[in-house]
Amino acid sequence: MKKVIAAFGVLLLAMLVFFFVFALQQMPSQNNHSSASGRETEKEPQRNIYNINLEYDGLNHIKAEMDFTYVNNAGKSMSELYFHLYPNIFRDRNHLPFSRSDQTLVFPDGFSTGGIDITQALQDGSPVEWTTVNGDEILKLALKKPVEAGKSSKIHFKFSLTVPKANYRFGYRVFGKDRITLSLGNWYPLLVKYDNGKWSLDKHPAMGDPTYSDISDYTVSFTVPQDFTVAASGVMNKKTISHGKAIYVYSMENIRDFAAAISNNYKTAEDFVDGIKIISYFHPEDRKGGFMALDVVKHALSIYNASFGKYPYPELRVAEANFYAGGMEFPTFIMMNTGRYRESNLSSTSFERSMAHEVAHQWWYCLVGNDQINEPWLDEGLAEFSTLYYFEKRYRSAGKESYFTRYVNTNTNLIKQSKRKMQDPVKLFRDNREYFAIVYVKGALFYEELKNTIGEEKLLDFLRTYLNTYKYKNVSLNEFIDLLKQRNYDGVNQDFFKKWF
Ligand SMILES: [Zn+2]
């Protein structure tokens with residue numbers, strides 16, 4: 001009997017070992033992006049992958065290496081690739097896209113140069129030729145081996161950044177004795193969007209936002225002086241400190257851009273809503289604003305989750321940074337200008353409007369993408385309507401009235417007088433005031449009228465359908481109009497479309 005039990009025991013042990021080994025083989029690898037040495041036949045990735053390692057010197061210089069996996073979803077063989085080099089708008093005064101009046105806001109201490117220098121480009125390990133076009137704002141890579149449709153290729157860039165002393169998405173500010181905040185937006189070579197058989201080679205616009213990109217996966221490792229804190233897109237996977245340096249690793253799948261803010265003067269506060277972690281980064285002297293940011297983001301996420309469909313990422317960060325225009329949306333990350341944190345009475349101020357607006361962009365721009373240069377209304381109009389909706393849901397009729405008093409009534413004349421349509425490209429607008437009145441405020445009024453015509457429930461149902469149809473994709477104005485027409489809502493007829501478009 002003992003022998004039988006022993007034999008049975010051995011068999012059981014063998015089975016356990018077998019199942020353990022089998023289970024190990026089935027487990028997804030921790031990082032399936034770095035499978036270059038792949039044991040089995042390597043599967044082509046679904047989307048582009050950006051892996052960036054950078055080192056920051058503590059003032060305004062960054063050295064970086066980027067491993068980019070290009071996935072050819074264009075449906076044809078590609079023999080060249082294009083990348084945005086946004087930082088080069090700061091090369092010299094002639095490159096600046098801003099109007100003269102904006103230049104004084106961007107450079108309160110006078111003009112400061114910046115830019116990106118590419119020092120190496122490799123394709124699958126071999127050097128490739130590159131040139132810059134469009135006034136150094138676009139990098140053209142002539143591939144040695146064309147990438148066939150459905151296949152991928154690994155591109156490696158070595159580059160350095162000079163960050164200008166500027167109140168901008170890409171800029172730094174020095175304050176106090178030795179305090180620094182660095183805004184790191186639009187900073188790395190971002191693949192140009194290939195659309196309808198052509199590359200969208202638009203330059204950085206003077207107003208509005210520049211990004212038009214595909215959903216990708218990102219991992220970015222920041223090496224910074226030990227006393228600096230990094231707030232970035234994605235989730236922080238790792239923070240280590242050694243030899244006077246801190247290393248932060250952030251990553252996230254399914255986002256269309258990646259930004260950060262770095263400072264030696266950050267405090268943080270955290271909160272949760274609907275299982276999403278919110279982290280606010282602020283200067284200790286602006287503590288009140290830092291907590292206000294947390295409060296607005298929390299309420300906005302809650303309202304938008306319930307109305308549009310749930311924010312799919314585990315975390316959202318908001319950082320006090322430098323950007324003269326106010327707030328700036330990036331995927332899972334919001335940059336907000338220092339000035340906004342210092343408004344005397346924070347509630348019902350432009351701080352709250354900006355914050356609710358940038359949170360709305362997590363849906364409209366981040367999840368549902370669009371060409372922000374040529375069809376900016378698609379994300380801005382809906383983000384602004386979402387802002388109005390936030391005020392209405394949070395503060396009832398008083399909130400809605402206050403929004404109308406501050407933003408609609410003050411722009412009514414300008415909307416009437418302007419010849420611009422809300423769906424016009426950024427470059428046709430005269431200045432920021434006209435752009436805001438037509439694209440944002442009139443854009444919000446379009447949705448307000450749609451809501452009054454079809455009812456709130458149907459509008460939310462339409463927005464959820466819109467989100468589900470174009471989530472992680474890009475939408476065009478025609479696709480938006482087609483989707484709305486297909487719903488055949490009472491009152492949304494030819495006259496309605498003629499009035500608004
Ligand atoms: Zn916006």
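Tyr472 is partly exposed, with a relative accessible area of 28%; by the cut-offs here, buried is under 20% relative accessible area, exposed is over 50%, and partly exposed is in between, using a 1.4 Å probe and protein chains only. Tyr472 sits in the loop between α8 (456–470) and β25, and its phi is positive, about 65°, although Tyr472 is not a glycine. As background, most residues other than glycine have a negative phi.

Before I go on, this is a predicted model, where local features need pLDDT of at least 70, side-chain atom pairs count only at pLDDT 80 or more, and totals for chains, interfaces and linings use all residues. Residues are numbered from 1 along each chain as its sequence is written, and side-chain values use heavy atoms, with hydrogens and water left out. When I say helix or strand, I mean DSSP runs numbered from the N terminus: H or I with at least four residues for helices, E with at least two for strands.

Asn254 is not a glycine either, and has a positive phi of about 60°. Asn254 lies in strand β17 (residues 245–255), and at 18% relative accessibility Asn254 counts as buried.

What is the strand order in the open sheet of eight strands? Reading across, you get β5-β4-β8-β2-β1-β14-β17-β16, and the pairing is mixed. At the edges stand β5 (126–127) and β16 (235–242), each with a single partner strand, so one side of each is left without a neighbour in the sheet. For pairing, DSSP has to find at least two bridges between two strands.

Let's walk through part of that sheet. Strand β1 (residues 48–56) and strand β2 (residues 61–71) pair in the antiparallel sense over eight bridges, with Ile49 opposite Thr69 in β2. The two strands form a hairpin with four residues between them, and Gly58 in the turn has a positive phi of about 95°. β2 is also joined to strand β8 (residues 152–162) by eleven bridges, again antiparallel; there, Met66 stands opposite Phe157 in β8.

Over in strand β14 (residues 216–225) you'll find Tyr218, which counts as buried at 1% relative accessibility. Tyr218 and Phe68 are 150 residues apart in sequence, and 9.5 Å apart in space, C-alpha to C-alpha.

Next up, strand β18 (residues 260–263). Ala260 and Ile262 point one way from β18, Ala261 and Ser263 point the other way, and all are buried. Strand β10 (residues 179–184) runs antiparallel to β18, with four bridges joining them, and Thr181 has Ser263 as its bridge partner. Strand β15 (residues 229–232) is likewise antiparallel to β18 and joined by four bridges, and here Thr229 stands opposite Ser263.

Now the metal. Which residues coordinate the zinc ion? The donors are His357 (NE2), His361 (NE2), Glu380 (OE) and Glu380 (OE), at 2.0 to 2.8 Å. Donors here are N, O and S atoms within 2.8 Å of the metal (3.2 Å for Na, K and Ca), and water is not among the atoms, so sites may look incomplete. Along the chain, the spacing of the zinc donors is H-x3-H-x18-E. His361 and Glu380 are buried.

As for geometry, the angles among the four donor atoms are 51 to 144°, and the zinc site is irregular. Four donors count as tetrahedral if all angles lie between 85 and 135 degrees; four count as square planar and six as octahedral if opposite donors are over 155 degrees apart and all others between 65 and 115, and anything else is irregular.

Moving to helices, α3 (residues 287–308) has 22 residues and reaches 31 Å from its first C-alpha to its last, close to the 32 Å expected at 1.5 Å a residue. That expected span is 1.5 Å times one less than the number of residues. Just after α3, Gly309 takes a positive phi of about 125°.
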